[in-house]
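Here's a quick briefing to read with the model open next to you. Have a look at the fold first, then work through the points below.

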Amino acid sequence: MAQSKFYVVWVGHQSGIYQSWAECQAQTKGYTQAKFKSYESEAEAKEALARGWQKSLNFSGKNGKPAAAKSGGSSSENNAEINYDSISVDVGCSGNPGIVEYKGVDTKSGEILFYQGPIAKGTNNLGEFLAIVHALAYLKKQSSNKTIYSDSMTALSWIRKKEVATNLVRDASTEEIWTLVDRALKWLKSNSYTNAIVKWDTRKWGEIKADFGRK
């Protein structure tokens, strides 16, 4: 029996880890300068996804050190650039769980494109999830294929799986956010999109452009 592989897509229609070549190809085919690679184990794939393509695709594989750049080669592949023709989303959460608000901004100008809140009680991850879906719906209405940036790996995973995994109880105090989450899940399952949803590289680029500045 052939050994299964795990495919990491750093840059594509939707970043994440996929368990078949067909799924990986669906996220990278036709996407200019897509970045992806297969791994033998899920643990390796998760580490590579978190590490980023800049480091992962330049590992020598022998001693863990980056491979030496070839003479005359372009350095652009070693320096990922921000796609400013995009939307960046982020969440402000007072307590976790606590009051939640989120917004989407034009990555280049910082102009606020949409804002939701305050939501009485929720979590940071649920807010991030809602912000991404809001951005997808916003762009779909405009027939726009712009990239979406989020700094939440958890929310990106939920978008890919089209389901959320949270311990937040459903009761009167959380009814508002659960209503929004259920609506967002329904939208995801009934709509298609081609927008790339990309993890914002905070370590390299600083805080995401939609940051609420409350850290």
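What follows is a short tour of this predicted model, from the overall layout down to single residues.

This is a predicted model, where local features need pLDDT of at least 70, side-chain atom pairs count only at pLDDT 80 or more, and totals for chains, interfaces and linings use all residues. Residues are numbered from 1 along each chain as its sequence is written, and side-chain values use heavy atoms, with hydrogens and water left out.

**Overall layout and confidence**

- The protein chain has 7 helices and 8 strands; helices (H or I, at least four residues) and strands (E, at least two) are DSSP runs, numbered from the N terminus.
- Of the 215 residues in the protein chain, 43% are buried. Here buried means under 20% relative accessible area, exposed means over 50%, and partly exposed is in between (1.4 Å probe, protein chains only).
- Take the contacts between residues at least 6 apart in sequence: 63% of them join residues at least 24 apart. A contact means heavy atoms within 4.5 Å.
- The average pLDDT (the predictor's confidence in each residue, from 0 to 100) is 83 for the protein chain, and 87% of the residues score at least 70.
- Go carefully with residues 59-79, where the pLDDT is below 50. Beyond near neighbours in sequence, that stretch has 18 contacts in the model.

- Strand β1 (residues 6-11) has 6 of its 6 residues buried, so the rest of the structure largely encloses it.
- β1 runs antiparallel to strand β3 (residues 35-39), joined by 5 bridges; two strands pair if DSSP finds at least two bridges between them. Val8 has Lys37 as its bridge partner in β3.
- β1 is also antiparallel to strand β2 (residues 16-18), through 3 bridges, and Tyr7 is partnered with Tyr18 in β2.
- β1 and β2 make a hairpin with 4 residues between them.

**The five-stranded sheet**

- The strand order in this open sheet is β6-β5-β4-β7-β8, with mixed pairing.
- β6 and β8 are the edge strands, each with a single partner, so one side of each has no neighbour in the sheet.
- From one strand to the next, the twist averages 20 degrees.
- α4 lies across β4, β5, β6, β7 and β8, at about 150 degrees to β4, while α5 lies across β7 and β8, at about 155 degrees to β8. Axes are lines fitted to C-alpha atoms, for helices over the stretch in contact, and angles run from 0 to 180 degrees between N-to-C directions.

**Cores and packing**

- The largest nonpolar core has 33 residues, and Phe129, Leu130, Ile132, Val164, Ile177 and Val181 have the most contacts inside it. A nonpolar core is a set of buried Ala, Val, Leu, Ile, Met, Phe, Trp, Tyr and Cys residues joined through side-chain atoms within 4.5 Å.
- α4 supplies the largest share of this core, 10 residues.
- Another core of 10 residues lies apart from it, and includes Ile17, Tyr39, Ala45 and Trp53.
- In helix α5 (residues 153-161), Ala155, Leu156, Ser157, Trp158 and Ile159 are buried. The buried residues of α5 pack against α4 (124-141), β7 (147-150), α6 (175-190) and β8 (197-199).

**Residues worth a click**

- Ser150 sits in strand β7 and is buried, at 0% relative accessible area. Leaving out residues up to four places away in sequence, Ser150 touches Val89, Glu128, Ile132, Leu156, Val198, Lys199, Trp200 and Ile208.
- A cis peptide bond joins Asn96 and Pro97, with omega about 10 degrees, and Pro97 lies in the loop between β4 and β5.
- Gly117 and Pro118 are also joined by a cis peptide bond, with omega about -5 degrees; Pro118 is in strand β6.
- Ser143 has a positive phi, near 50 degrees, in a residue other than glycine. Ser143 lies in the loop between α4 and β7 and counts as exposed at 71% relative accessibility.
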